[in-house]
Amino acid sequence: MSEATALVVGASGIVGRALLNHLDGLPDWNAVGVSRRPPEMRTTARLISLDVLDRNACFKAIAELPEITHVFYTAFVQKETYAAEVEPNLTMLRNVVEAVERACPKLRHVQIMQGSKWYGNHLGPYPTPAREDQPRHPFTHFYYDQQAWLSAHQRGKPWNWSALRPHGVWGFAVGGQINMMLAIALYASIMKHMGLPLIYPGKQGAFDAVYQCTEATHLARGMVWAGTSRPAENEVFNLTNGDFIRWRHAWPVVARWFDMEVGGVQTFDLGTFMADKEPMWAEIQQKHGLRPYRMSDLTLWSAVSINMLNAEWDQMSSMTKARKAGWHEVNDTYEMIARQFDLLARDRIIPSATQYLRAAS
């Protein structure tokens with residue numbers, strides 16, 4: 001492939017940040033990261049602070065970027081209801097795509113990011129393993145509106161599009177609040193500090209059900225594959241680690257990393273439990289020399305508790321379509337858990353188990 005320039009929209013989020021890191025290491029790629037808040041990371045990408053809801057500002061900024069060849073759209077505005085999310089999220093995508101079309105004659109590909117809510121995993125049991133061609137659920141979600149608009153708008157154009165559906169994305173970002181990884185890491189750090197075992201705070205059914213994750217670095221590689229592969233043109237793909245877990249088996253992996261006793265299932269509201277723990281977290285940060293992020297900057301307890309730790313049904317996506325199209329990477333989720341915690345400790349987001357042992361001696 002000739003040299004490409006990616007416009008990463010939502011660069012400060014978990015997925016956008018991971019993609020910028022990945023593109024930094026690819027010799028044939030340049031990148032421009034766009035977000036309302038500059039991402040806290042080292043990157044060779046050009047970073048632009050921009051609210052893409054502002055159509056005039058969006059067109060003005062992108063007019064200065066005629067070199068863009070690929071758009072990786074990962075931005076998201078969260079509202080009180082799914083219905084309320086449709087208009088702003090569709091507007092942002094439309095603003096970006098139409099601005100790029102006007103200013104960037106070399107545009108080849110536009111990619112949007114979705115997830116398993118397409119299949120209704122947030123509503124209750126759904127057909128699994130979920131396949132990309134199965135009927136959508138009847139409730140409103142902005143995924144449907146974005147894909148319908150993009151696929152219709154692209155017809156007859158020289159560029160193409162793709163959409164990816166990861167699940168349970170693990171990666172770091174400040175302000176990326178729907179973040180299972182950080183929620184588990186912060187919760188475990190608090191329980192460790194209190195001298196308690198690592199109790200699973202969700203429901204027994206969720207502890208036993210099949211679950212799946214996607215490491216952000218793995219997803220980033222898949223994004224570039226889908227954005228440059230002919231079989232992926234104008235197609236939708238599930239993109240997960242490619243394996244399945246049960247928290248019954250993964251929870252001891254978490255406890256082992258933190259050098260904690262494994263607790264059983266004890267269902268309680270995680271948001272209520274963590275509501276008064278910011279002072280305790282500040283104490284942990286000071287004791288172990290961590291970076292001064294508030295827990296509220298790193299995760300949203302209600303989203304993690306409701307959507308991830310209390311869903312008492314299997315959550316599985318089929319990777320058959322992606323594999324038939326040429327994506328063959330598989331990422332071991334149990335190895336991912338330890339690797340991502342290692343990175344958090346290296347970057348002084350959480351204490352390492354070694355730090356706890358030193359402090360106790």
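1. The largest nonpolar core holds 51 residues, and Trp170, Tyr187, Trp247 and Phe341 have the most contacts inside it. Such a core is a set of buried Ala, Val, Leu, Ile, Met, Phe, Trp, Tyr and Cys residues joined through side-chain atoms within 4.5 Å; buried means under 20% relative accessible area (1.4 Å probe, protein chains only). Helix α5 (residues 180–193) gives the largest share of this core, 11 residues. Helices are DSSP runs of H or I, at least four residues, numbered from the N terminus.

2. This is a predicted model: local features need pLDDT of at least 70, side-chain atom pairs count only at pLDDT 80 or more, and totals for chains, interfaces and linings use all residues. Residues are numbered from 1 along each chain as its sequence is written, and side-chain values use heavy atoms, without hydrogens and water.

3. Trp247 touches residues including Trp170, Ile184, Phe207 and Met308, not counting residues up to four places away in sequence. Contact means heavy atoms within 4.5 Å.

4. The disulfide count is zero, with a disulfide defined as a pair of cysteine sulfur atoms within 2.5 Å. Cys58 is buried, at a relative accessible area of 0%. Cys104 is buried too, at 3% relative accessibility.

How values were computed. Buried < 20%, exposed > 50% of the residue type's maximum accessible area, 1.4 Å probe, protein only. Helix = DSSP H or I, 4+ residues; strand = E, 2+ residues; numbered from the N terminus.
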